[in-house]
Every structure is written in structure tokens, then in C-alpha cells.
Amino acid sequence: MSEEALATAPKSAETSAPLLAVRGLEAWYGESHVLHGIDIDVRRGEVVTLLGRNGAGKTTTLKSIMGILPKRKGSVVFEGKELMHLPARWIARAGIAFCPEERGIFSSLSVQENLMLPPKVKPGGLSVEHIFTLFPNLKERLSSQGTKLSGGEQQMLAIGRILRTGANLLLLDEPTEGLAPVIVQQIGRTIAQLKQQGFTIVLVEQNFHFASSVADRHYIVEQGETVDMIENSDLERNIGKLHAYLGV
Amino acid sequence: MFELIGIPPQALFGQLLLGVINGAFYAMLSLGLAIIFGLLNIINFAHGAQYMLGALVSWMLLDYLGGSYWWALLLAPVTVGVSGVILERVLISRLYHLDHLYGLLLTFGLALIIQGLARNYYGISGLPYAIPPELSGGQNLGFMFLPNYRGWVVIASLVVCLATWFVIEKTRFGAYLRAATENPTLVGAFGINVPRMITLTYGFGVALAAFAGVLAAPIYSVNPNMGADIIIVVFAVVVIGGMGSILGSIVTGFGLGIVEGLARVFYPEGSAMMIFVIMAIVLLVKPTGLFGRTA
């Protein structure tokens, strides 16, 4: 990694207060009450995963933090600011970026347009050149239609485009889903590099092995609630408990 | 060659020109409809009434205030566009969470009200609007006589259509617009103000209709029913080109105008239904329209 790249990365502050504090988060899809009480703390520069079975509410948690779900309550404090009553676009402007599970690559936009789409919200985002050093494949495909890329390249594009904006908290929803092992490794290395540069990351993962290779801590989500938190360093001791939660 | 098929060239080129002129209006109107449908998911049935308002505002500007055609070309789209912005904010924006049908009913109702009011105050005989002196007269091209004003209409509409296409396909704002057409939620989650973009897009689409109305005023005279007459054909054009396709509506608009013109020469009895026959065939063969994306 170049020194210049390091210099442009978001700087970590010395404050010990969590960057993101979620308390008693509840959310609804229409009439159905899907989140019943999510409590998460994420410190600056951490990588934290949300683990849990299918339908436990992990994706919904990310969407609720991002303000995408219209009906939600509780508290989401980011950099000391309550976000609960703000629309998604203001939450984005506060410095949170979301990479959806379905990747959200726009088919009527070229790769270049997809990459440049999210507006800058803060100073300190990565340069386009730096994004190409992380994901060299993108550079050769700039004029292609966004959805003509392979699944792995689309995932790189989906992550790459939110690195430009200066957002310092990244919400990544299952970035490794459906990808070949070699691509999963590349995404894992990228997450490690982003962490090194001061990005804070909340990751939803089904791939427990992958999660344990990149994360500092894991929150367990069950039926719309956070039921446990396990430090990655304590993972060995808790493996039996974890298997019981995840049913693997 | 013309003797061979038994059509005098004046008649052929005359009808072709008429076809291109009609095509210019089809293109401008279907372009606005396509943009509005793409982003708002609203079938804007008030489009014809807004086109008529463009012509009517030009007439009022001239008759009440002495404002020239050139002022009308600027002020009528702005006035009608602003009314569109207010309409979207106050009424249409309340319907986005409902079925398409409600937007159609609302805008259809508005069209009836606007046209009814215009009929009530201005009658149905049509108000004359003179060709601006700068564009009177014409050119003898050898094979036909081209009135200057008609040449101007073709050029002005081409410029406006191509500029719109350029902004949507080649600029950053256009990329926002295309992205928001696909997935407004995600575009909002990137920090872009999608509701404002929707409002401005509706205002622009409506202003485009009003611009077409100003161009039409000296050709067709200003009539409260002028929009209702043309809008049915324009909807057929949008269906043939493919709902929501920008280039599709421009190409189809001009193309169908020309086809209609040719039909008037070779098979006058069928010219009025020509576009609808084409629509039926296109719907059978390619239901998404000639330029529509297959999902």
C-alpha cells in the first residue's frame, strides 16, 4: 500500500466513545415486526460482523441503520449524532455507506458511471486510482455496461464505489455471497486493507469462516434481537455456543 | 421515378414535410412522457392538456401583454413547468405508494378540468396565432416549397430532443436520473435527493410539452382540444417505442410521423389508423416496444 494512499485514508480519532451506537432498534416490513431490539456498538476502525440464521434480521438491521426502512424506532447514534429520524440521504451524508446484498449495480449505467455515481459526502475518500489498485479488474472494464460484469467484479464495483465518497462507516451486506473462493479471498484482503486505512466496517455474513478471518467482534442476531457478542479472539472457546446459535 | 408510381413530387414531399412536422411533435411529447414514466411511474395523462397550456399561455402573453413569440418560447415552458412542479409536490407525490392506475386517474381528471376550463373561457373555435415575422415566408427548394416556420419547428424540436437525450445519457445528472429510474431507494441511500429530482423531472417533462405547444400555436392555432387530439397518438408512439426509452421515443416519434405522412399519399383512407395498426403489430411481436428493454 502506498504512503499517499495511507495519507488520504480517513483518520481515526482518539475518542473512546463508539463511532456507531445502536440501541433498542426495532423495524417493520409493512405490518410485520421484524426487528425487536438490536443493540450494537462499533468502535472507530473496527470490523464487526452480524451473524445469524437466514431471516434473523441481519440485512434488516443494516437497512434500518441506513434509514431505508420507513418504519423503525429506537436509537442509532453515529459520531454523536442521532440519525433515527433522518431520511436515508441525510444518513449517507453523515458518512455511512451501504453496499446491498444484491449489489445494486445499475444496468443503464456504465462501470465508470456506476463507480462515480455516489456523491462525495466528506473529504478523505479514496482516489479512483487507489480503488483500481484494490480492484484492478474494474479499470479494464470501465466502458462496459455495469451488469455485464461477472458476479465478483460487480461486488468489487459495489464496494469500490462507496470508498470514493469519504464515508467512514461501511455497511456491507454479504459481500462474499455466491462468489468463487479466490474472489472471496480477494474481498477478505480488501477488507483487511480498508480496516488498516481506518475504515470502520459492519459486515453481514453467512460464511462464518470468512467472518472469523476479517472481524474483531461478532454480534449474534436471532429473531430480530442481538442475543450475544463474541470477541474474535475468544472464538475458539465459544465455538460450541456459536454452532448452537447458527445451527451448523 | 415519381411518374412511375403516379404521385406528383409536390404532393409526396408536401406530405412528407407534414409527416416530419407531426413527428417532431410526437417526439417532443413522447419524450416527456417517457422521462416522466421512467422516474415517476406515472402515466401522465395531463400531458396533452399541458401541451395545450403551452400554446394558450403564448396566446395570452401576446394578446394581454404584447409579448412576442420568442418571449413565449421562453416563458410558456417556464410557467407551465412551474405549474407542473407545484402539481407534483401537492398532488402527484401523494400517489407514489399506490398502483399506477391512481396516477393515471389523477392526471386524466386534471386534463379534463384544464381542458374544460380552457373551453369555457376561450371556446372551441380556436384562437389564431400568427407566425412571427422573422419566420414568415419560405424557401423554394426546387422540388418543393418549404415554409420557414415549418423548417424552424423541425430544427428546434430536433435540437431540444437531442439536448435532452445528451443530458440524460451523457451527463452526471443524467446518470443520477437513470440510476434513480432503476432503484430510487439505493440512489437515496447514496445521499442523493431523489424526491427533488423527481419533482424537477416532472417539471421538465411538462415544460417540454409546453415548449411543443408554443411551437404548435402558429401551425394548428390555439384550441382547447389540441392536446386531447394529439395525446392519443402520442401514447401509441410511446407504446411502440417502448415505455421509458429516451432514444426510442425520439426515433419512433419522427419515424411514425413520416410513416403517417407517406400513408396520406399512398393510402389516404388508412392514414389515421396507421399508427394504431403498427402499435398492434409491435405489441404482438415485441411487447416491450421497439426500443424497450426486455426484463
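How many residues has helix α5 of chain B, and how far does it reach from its first C-alpha to its last? Select residues 100–122 of chain B: the helix has 23 residues and reaches 33 Å, close to the 33 Å expected at 1.5 Å a residue. Helices here are DSSP runs of H or I of at least four residues, and strands are runs of E of at least two, both numbered from the N terminus; the expected span is 1.5 Å times one less than the number of residues.

This is a predicted model, in which local features need pLDDT of at least 70, side-chain atom pairs count only at pLDDT 80 or more, and totals for chains, interfaces and linings use all residues. Residues are numbered from 1 along each chain as its sequence is written, with chains lettered from A and ligands numbered from 1 in the order in which they are written.

Remaining on α5(B), colour its buried residues, among them Gly103(B), Leu106(B), Ala111(B) and Ala118(B). A residue is buried if 20 or more other C-beta atoms, placed from the backbone, lie within 10 Å of its own. These buried residues pack against α3 (47–65) and α10 (226–241) of chain B. Just after the helix, Gly123(B) takes a positive phi of about 70°.

Next, select residues 151–163 of chain A, helix α7. Its end C-alpha atoms are 19 Å apart, which agrees with the 18 Å that its 13 residues should span. Because 11 of the 13 residues are buried, α7(A) is largely enclosed by the rest of the structure. The cover includes β6 (96–99), α4 (111–116), α5 (128–134), α6 (136–140), β7 (169–173) and α8 (181–196) of chain A.

Now display both chains together. Here 13 residues of chain B are in contact with 18 residues of chain A, contact being C-beta atoms, placed from the backbone, within 7 Å. On the chain B side, α7 (172–182) and α8 (184–189) each give two or more residues.

Finally, which residues touch the most other members of the largest nonpolar core? They are Leu171(A) and Met28(B), in a core of 158 residues. Such a core is a set of buried Ala, Val, Leu, Ile, Met, Phe, Trp, Tyr and Cys residues joined through C-beta atoms within 7 Å. Helix α2 (residues 9–40) of chain B gives the most to this core, with 17 residues. Centre on Leu171(A): not counting residues up to four places away in sequence, Leu171(A) touches residues including Leu62(A), Ile96(A), Phe98(A) and Val202(A).

Terms used. A residue is buried if 20 or more other C-beta atoms lie within 10 Å of its own, exposed if 12 or fewer, and partly exposed in between; C-beta atoms are placed from the backbone. Two residues are in contact if their C-beta atoms, placed from the backbone, lie within 7 Å.
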